[in-house]
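Keep the 3D view open as you go along.

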Amino acid sequence: MSDLNGPTRDTPTRAPARPLPYIVAAILLAAAILLPLMPQLYSYDQPRWGGMPFFYWYQLLWVPISAALSGIAYWLVTSEDRRRRVAARAPGAPGAGGGRAPSSGRATRDRGERR
C-alpha cells in the first residue's frame, strides 16, 4: 500500500490560535454594544449640535462608530483565521501531511500500482 501524503481526517485545518486578535475584537465589539447602552453617559441637553440635543446626536454618532469597530473586529478575526490556515498547510507544520492534497478531494492510487 502506498503513502498518499494527502490530508486525512486527523489533519488539522488550522494552526493554534493566538488569543490577542480575538481579545481585541471582543473589546471593540463590547465597546460598540455597551457604551450606547449606558444613558448616564449621554443624558444631557448640552452641548447642542445643529439645534439637536446631545443625547440625540451622541446616539446617532455611534452608528458609524459601531460599523467601523465591527469592521475592524471582523478584519482582525478573519486575518487571524487566514494566518492559521496558511500555517497549518505549511510544509513543516505538524500534521500538515507533507505533500499536496489530491485535486479531486479523494485519495487516488499511483498509476500502474496493483494490489
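## Salt bridges and helices

Let's start with Arg18, which is partly exposed, as its relative accessible area is 45%. Keep in mind that this is a predicted model. The side chain of Arg18 meets that of Glu80 in a salt bridge, 3.0 Å from N to O. This pair ties together distant parts of the chain, 62 residues apart: Arg18 sits in the segment before α1, and Glu80 in helix α2.

| Pair | N to O distance |
|---|---|
| Arg18 and Glu80 | 3.0 Å |
| Glu80 and Arg83 | 2.8 Å |
| Arg85 and Asp81 | 3.1 Å |

Glu80 and Arg83 are three residues apart in helix α2, about one turn of the helix. Arg85 and Asp81 also both lie in α2, four residues apart. Through shared partners, salt bridges join Arg18, Glu80 and Arg83 into one network.

How do the axes of α1 and α2 cross? They come within 9 Å and cross at roughly 165°, so α1 is roughly antiparallel to α2. The crossing is left-handed.

Between α1 (19–34) and α2 (54–89) there is a loop that holds Met38. Met38 is partly exposed, at 31% relative accessibility. Met38 belongs to a nonpolar surface patch with Leu29, Ile33, Leu34, Leu35, Leu37 and Leu41, and together they have about 590 Å² of accessible area.

Conventions: Residues numbered from 1 in each chain as written. Predicted model: local features only at pLDDT ≥ 70, side-chain atom pairs only at ≥ 80, totals over all residues. Heavy atoms only, no water. Patch = residues over 30% accessible without salt bridge, like charges linked within 9 Å, V, L, I, M, F, W, Y side chains within 5 Å. Areas by Shrake-Rupley, 256 points an atom, 1.4 Å probe, with all protein chains shown as cover. Salt bridge = Lys/Arg side-chain N within 4 Å of Asp/Glu carboxyl O. Helix = DSSP H or I, 4+ residues; strand = E, 2+ residues; numbered from the N terminus. Buried < 20%, exposed > 50% of the residue type's maximum accessible area, 1.4 Å probe, protein only. Axes fitted to C-alpha atoms, helices over the stretch in contact; angles between N-to-C directions. Parallel < 35°, antiparallel > 145°, perpendicular 65-115°, else oblique. Left-handed = near helix turned anticlockwise from the far one by under 90°.
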